[in-house]
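Please look over the sequence and the structure below before reading on. The paragraphs after it go through selected side-chain features.

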Amino acid sequence: MLTQSGRKVLWAWSFLALPIVFYSWIRFYPTLSAFWISFTDWDLLRPANFVGLENYQKLFADPVFWKVFRNTFAYLIIGTPISLLLSFVIAYYLDKVTFMHSFLRALYFLPFLTTAAAMAWVWRWFYQPIPIGIINGILSNLHLPAQQFLRSPAQALPSIMVTGIWAGLGFQIIIFMAGLRAIPSTYYEAARIDGLGEWAILRKITLPLLKPTTVFLVVFSSIGFLRIFDQVYNMTSNDPGGPLNSTKPLVMMIYQTAFSSFDMGYAAAQTVVLFLILLVVSLGQLFVLRNR
């Protein structure tokens, strides 16, 4: 005979069972299917045949994959720290502003609300040659040489990285500001009574107490840069992936393999590699940052 508390638990699990089963099916079934397809030669037209590790052997022997792999980690290693540093500095000083504070906060958050495709096309227009491109127009007025930007193998990836950093800056600023506002003011008052300066307060109070916020943004931003696609696809639509694949990330390689070449088995193998990269990077960051 069930007690009253036991009946409550049973009823709770009865109501939760269907959503849990549904979520597990739509969340984990595609993931497990991707692992299975990565061991086949499925091309949408013929039944999938098991080929073992052939797709992975082909992937690791492909020089394009290693170029794309380096591009993907370039977005991560360069884009993440720059975006976090900029967003923290802006949030730190914006938090001290009282005049038109809400308007300025909304202004910084506005790019995050803009659709990625529209934002990418606007930045693509900025990077165009004279007389269309605004940036080259400014350089011309300053008597500086025009730049190739998206047409240059050396400049294309940094150009897109600037766009990616700018797109996510507003969200990171808002989260940092929320973290700053959550720090009790009594800590700052006590520190000033003890004679600590602003730099010492920042280093000994603000940054340590912002650790949970920083951990979240590091992981969130890293996943975003590892999965970057919209900016690259829209800004290099005439030459997908940029000149000599200089801007192509792994997500775009997966997209082209699956929906241009229709090699679903090979695309699934690339997807599994991306999944493992995301898993290792995320868990590694959580382990390092939480144990510091």
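What follows covers aromatic pairs, salt bridges, one buried threonine and a nonpolar surface patch.

The model is predicted, and local features are taken only where pLDDT is at least 70.

A pair of aromatic rings is described by the distance of the centres and the angle of the planes. The structure holds 25 such pairs. One of them joins Trp36 and Phe50, whose ring centres are 6.0 Å apart with 15° between the planes, a stacked arrangement. Trp36 belongs to helix H1 (residues 4-37), while Phe50 sits in the loop between H1 and helix H2 (54-60), so the pair ties together parts that are 14 residues apart in sequence. Trp36 has a relative accessible area of 48% and is therefore partly exposed. Phe50 reaches 57% and counts as exposed, because the cut-off for exposed is over 50%.

The rings of Phe88 and Phe176 are arranged in another way: their centres lie 5.5 Å apart and their planes stand at 70°, so this pair is edge-to-face. The pair links distant parts of the chain, with Phe88 in helix H3 and Phe176 in helix H7 (residues 156-182), 88 residues apart. Phe88 counts as buried at 13% relative accessibility, and Phe176 is buried as well, at 3%. Both values fall on the buried side because the limit is under 20%. Ring pairs also build a cluster, which consists of Trp123, Trp125, Phe126, Tyr127, Phe149 and Trp166.

Charged side chains come next. Side chains of opposite charge can pair when their charged atoms come close. The count here is four salt bridges. In one of them, Asp95 and Arg181 bring their closest N and O atoms to 2.4 Å. Asp95 has 24% relative accessibility and counts as partly exposed.

Another salt bridge joins Arg46 and Asp43, with 3.0 Å between the closest N and O atoms. Its two partners fall into separate classes of accessibility: Arg46 is exposed, with a relative accessible area of 53%, whereas Asp43 is buried, with 17%. Arg192 and Glu198 also meet in a salt bridge, at 3.3 Å from N to O. Here Arg192 is partly exposed at 44%, and Glu198 is likewise partly exposed at 40%.

Where does Thr72 lie? Thr72 is part of helix H3, which covers residues 63-94. With 3% relative accessibility, Thr72 counts as buried. Beyond its neighbours within four places in sequence, Thr72 is in contact with Leu226, Pro249 and Leu250.

Which residues make the nonpolar surface patch? The patch is made by Val97, Phe99, Met100, Phe103, Leu107, Leu110, Phe112 and Leu113, and covers about 800 Å². Leu113 lies in helix H4, which spans residues 101-113. Its relative accessibility of 57% makes Leu113 exposed. Patch residues need over 30% relative accessible area, so Leu113 passes this cut-off.

Notes: Residues numbered from 1 in each chain as written. Predicted model: local features only at pLDDT ≥ 70, side-chain atom pairs only at ≥ 80, totals over all residues. Heavy atoms only, no water. Patch = residues over 30% accessible without salt bridge, like charges linked within 9 Å, V, L, I, M, F, W, Y side chains within 5 Å. Areas by Shrake-Rupley, 256 points an atom, 1.4 Å probe, with all protein chains shown as cover. Salt bridge = Lys/Arg side-chain N within 4 Å of Asp/Glu carboxyl O. Helix = DSSP H or I, 4+ residues; strand = E, 2+ residues; numbered from the N terminus. Buried < 20%, exposed > 50% of the residue type's maximum accessible area, 1.4 Å probe, protein only. Contact = heavy atoms within 4.5 Å. Phe/Tyr/Trp six-rings, centres within 6.5 Å; stacked < 30°, edge-to-face > 60°.
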